[in-house]
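Please look through the sequence and the model first, then read on.

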Amino acid sequence: MAARPAARVSVRRLAALLWVALPCAAMAQGQDIALRGFQDGINHWQSGHGTDYPRYRPDQYRQIADNLVALQRRGGGWAVNQDPQRILDEAARAQVSADQATPGGSFDNRNIYTQVSYLAEAFARSGEARYRDAAVRGLDFILAEQIPTCGGWPHSVPSRTSYHGHITFADDVTSGVLTTLRRVQREPVFGFITADQRARVEAAVTAGDACLLRLQVRQDGVPTIWAGQYDRTTLQPAQGRKFELPALVTDESVGVVRYLMSIPDPSPEVVASVNAAMAWFQAHALTGWRLETFQTTPEQFQFHRTTVDRRLVADTDAPLLWGRFHDLRDSSVVLANREGERVATFDQIPRERRTGYHWYGTWPQALITTEYPRWQQRLAGPGAR
């Protein structure tokens with residue numbers, strides 16, 4: 001009987017040694033913690049505040065993590081479109097402190113799950129408990145905000161617009177959260193997560209994966225790709241901002257496919273979903289057109305200033321191109337003005353929206369040429385289902 005307590009002490013000591021070793025190993029690598037997940041929010045911050053302000057270097061991870069702790073709201077979420085590298089002066093710190101009492105947060109622009117990942121990495125390097133605790137609060141917020149009717153996540157909570165409460169795929173909300181939750185399940189950097197929280201993460205991933213398969217849009221019974229957002233009650237594709245009509249969304253569907261391909265042992269249903277989406281991407285690529293950006297007279301709009309314009313140019317040698325949005329029924333390209341009126345051609349969109357939004361892009365190209373073939377080879381390898 002006396003041997004059992006000794007074994008428990010040994011396990012505790014081993015765990016403590018591992019947590020000491022993890023920060024040392026990470027620091028020995030000499031690599032900055034990745035900030036790319038924050039880039040969309042940083043760009044939006046700088047669009048509204050300019051770029052002439054002091055910022056921490058990427059290698060100053062403690063100061064950046066301290067900012068994330070300060071910016072976190074008491075409920076566990078974060079406001080959207082902040083720059084975590086911004087050096088806060090006294091006035092900014094007072095504002096940040098006051099904002100901590102604000103409820104909710106936003107998953108828009110790859111927010112919240114990016115902070116959780118960064119703080120987990122910062123804790124692994126430093127052992128600072130406040131980074132771990134902030135990551136845990138953020139993870140709890142994520143789990144609490146999963147939409148029960150399907151298993152996706154909303155744009156923002158509390159909802160302040162007609163679309164904030166929708167199940168959201170735009171800006172990689174649902175696929176980005178699920179990617180992070182799978183990291184929590186398998187990566188040592190999240191070793192501090194409790195057994196209870198891990199069980200909740202597993203349940204969230206199971207529900208989220210089922211949601212992705214359920215919401216893949218079908219045309220005449222054939223699976224295609226995904227819409228940008230869905231009504232949480234009817235589960236039908238829904239409108240985002242006025243110019244974001246209910247439609248198939250190419251960019252973020254690439255993110256969904258990448259997530260599904262990252263599943264280590266995909267079910268036949270997941271494999272079929274990926275294959276169907278890839279077939280849609282290849283069947284609906286636009287050929288013979290190149291999106292050209294050219295210099296012209298500068299113009300100031302309400303939300304951005306531009307010195308360029310964009311146009312489609314006929315070019316038989318152009319790379320494959322896709323619309324950002326495609327019709328739910330026939331997969332034709334969907335274009336709209338800021339008032340939400342669908343237009344027939346790109347030049348009918350006013351310059352403000354032509355230059356302030358990405359209506360065309362090459363998003364699926366890397367999937368087609370590299371990632372999908374590699375995934376198929378992995379599935380065909382030894383031990384595949």
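The model is a predicted one.

**Helix packing around α8**

Helix α8 covers residues 195-215, and helix α6 covers residues 129-144. The angle between these two helices is about 35°, and their axes lie 11 Å apart. The crossing of α6 with α8 is left-handed. On the α6 side, the contact is made by V136, L139, D140 and L143, while α8 contributes Q197, R200, V201 and A204. Sorted by class, five residues of this α6 and α8 contact are nonpolar, one is polar and two are charged.

Helix α7, residues 173-186, also packs with α8, here at an angle of about 145° and with the axes 10 Å apart. The crossing of α7 and α8 is left-handed. From α7 the contact takes in T174, L178, L181, R182, V184 and Q185. From α8 it takes in R198, V201, E202, A204, V205, G208, D209 and L212. The classes in the contact of α7 with α8 are seven nonpolar, three polar and four charged residues.

**Buried residues**

| Residue | Relative accessible area |
|---|---|
| C150 | 10% |
| C211 | 1% |
| S156 | 8% |
| L119 | 0% |
| T180 | 6% |
| I112 | 0% |
| D172 | 16% |

Why does L119 count as buried? L119 is buried because its relative accessible area is 0%, and the cut-off for buried is under 20%. L119 belongs to helix α5, which spans residues 113-126. Beyond its neighbours within four places in sequence, L119 is in contact with A65, L68, V69, W78, Y131, A134 and A135. L119 and I33 are 86 residues apart along the chain, and their C-alpha atoms are separated by 9.6 Å.

T180 lies in helix α7. With residues up to four places away in sequence left out, T180 touches Y113 and S117.

S156 sits in strand β2, residues 156-157. Which side chain makes a polar contact of 2.7 Å with that of S156? The partner is S106. Leaving out residues up to four places away in sequence, S156 touches G105, S106 and H164.

**Backbone points**

Most residues other than glycine have a negative phi, and most peptide bonds are trans. The following places depart from that pattern.

The peptide bond that joins V157 and P158 is cis, with omega about -10°. P158 is found in the loop between β2 and β3, the latter being residues 167-168.

I112 is not a glycine, yet its phi is positive, at about 75°. This residue I112 is placed in the loop between β1, residues 105-106, and α5. I112 counts as buried, at 0% relative accessibility.

D172 also has a positive phi, near 60°, and is a residue other than glycine. Where is D172 found? D172 lies in the loop between β3 and α7. D172 is buried, with a relative accessible area of 16%.

Note on methods:
Residues are numbered from 1 along each chain as its sequence is written. This is a predicted model: local features need pLDDT of at least 70, side-chain atom pairs count only at pLDDT 80 or more; totals for chains, interfaces and linings use all residues. Side-chain values use heavy atoms; hydrogens and water are left out. Axes are lines fitted to C-alpha atoms, for helices over the stretch in contact, and angles run from 0 to 180 degrees between N-to-C directions. Helices (H or I, at least four residues) and strands (E, at least two) are DSSP runs, numbered from the N terminus. A crossing is left-handed if the near helix is turned anticlockwise from the far one by less than a right angle, and right-handed if clockwise. Contact means heavy atoms within 4.5 Å. Ala, Val, Leu, Ile, Met, Phe, Trp, Tyr, Cys and Pro count as nonpolar, Asp, Glu, Lys and Arg as charged, and the others, Gly among them, as polar. Buried means under 20% relative accessible area, exposed over 50%, partly exposed in between (1.4 Å probe, protein chains only). A polar contact is a pair of N or O atoms within 3.5 Å; within protein, one must be able to donate a hydrogen and the other to accept it, and residues adjacent in sequence count only if both atoms are side-chain atoms.
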